[in-house]
Amino acid sequence: MKKLRPTISVHEWKLAIHLEATRDIQNQPGNPAYCCECNSCKDWRNSYKEILPEDLMSELIRVGVDLEHPTDLYQYEVSKNGASLRVVYHAVGKILEGSNQWTKNDMGDVLMYKEVRDTPYASIVVFPQSQSHDHAPSYKDSSAGDLIRLDLRLLMPSQYCRFSNVSGSA
């Protein structure tokens, strides 16, 4: 395996990251959010520095993800308080510590996010991309490590929804 960066903490997880391979998979054509100009993506690019908890943003930067260009980003709920977003990034390396966040219940397998902040809400889950059925960047050189999914759910408060109309929503 190529040289990995020493242990980097991301909330409850400890990761060894291959920075060069991580840079190579950022902002790839074909990913759902690549060159996306939807309102949610425009709002994210204009305000992620104000929305992400400072310590989480710092950890993600250390991992080497391009915060302006997630692999995937979509709005899943809108209210007068703002827009609930799912924002997904990927890195290359190895998960050294942290629990597997998949759990089973009556509905089947459920991914359990860890709350980072209560208000405005922000949560994250880190797990191997091989455990996801969702789209991922193209990655062929497994000698640099595994593809790791950094999956966030958070509230973008209404004052940051410049392009998305959330004021009239229920």
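1. Rings of Phe, Tyr and Trp (for Trp, the six-membered ring) pair if their centres lie within 6.5 Å; planes under 30 degrees apart count as stacked, over 60 as edge-to-face and the rest as tilted. By this rule, the protein holds two aromatic pairs. One of them joins Trp102 and Phe127, edge-to-face, with 5.8 Å from centre to centre and 80 degrees between the planes. Trp102 sits in strand S5 (residues 102-105) and Phe127 in strand S8 (residues 122-128), so this pair ties together parts that are 25 residues apart in sequence.

2. A word on what you are looking at. This is a predicted model, in which local features need pLDDT of at least 70 and side-chain atom pairs count only at pLDDT 80 or more, while totals for chains, interfaces and linings use all residues. Residues are numbered from 1 along each chain as its sequence is written, and side-chain values use heavy atoms, with hydrogens and water left out.

3. Buried means under 20% relative accessible area, exposed over 50%, and partly exposed in between (1.4 Å probe, protein chains only). Phe127 is buried, at 2%, whereas Trp102 is partly exposed, with a relative accessibility of 30%.

4. Now the overall fold. Helices (H or I, at least four residues) and strands (E, at least two) are DSSP runs, numbered from the N terminus. The protein has three helices and nine strands, and their order along the sequence is β-β-α-α-α-β-β-β-β-β-β-β. Its radius of gyration, taken over C-alpha atoms, is 16 Å. Along the principal axes, the C-alpha atoms fill a box of roughly 50 × 40 × 30 Å.

5. How much of the chain is buried? Of the 170 residues, 45% are. Contact means heavy atoms within 4.5 Å. Among contacts between residues at least 6 apart in sequence, 71% join residues at least 24 apart.

6. Ser47 deserves a look in your viewer. Ser47 belongs to helix H2 (residues 39-51) and is buried, with a relative accessible area of 0%. Leaving aside residues up to four places away in sequence, Ser47 touches Met156, Tyr160 and Arg162.

7. Finally, the surface. The accessible surface comes to about 8800 Å², and 46% of it belongs to carbon and sulfur atoms; such areas come from the Shrake-Rupley method with a 1.4 Å probe.

Notes:
Rg over C-alpha atoms; globule rule 2.2 N^0.38 Å.
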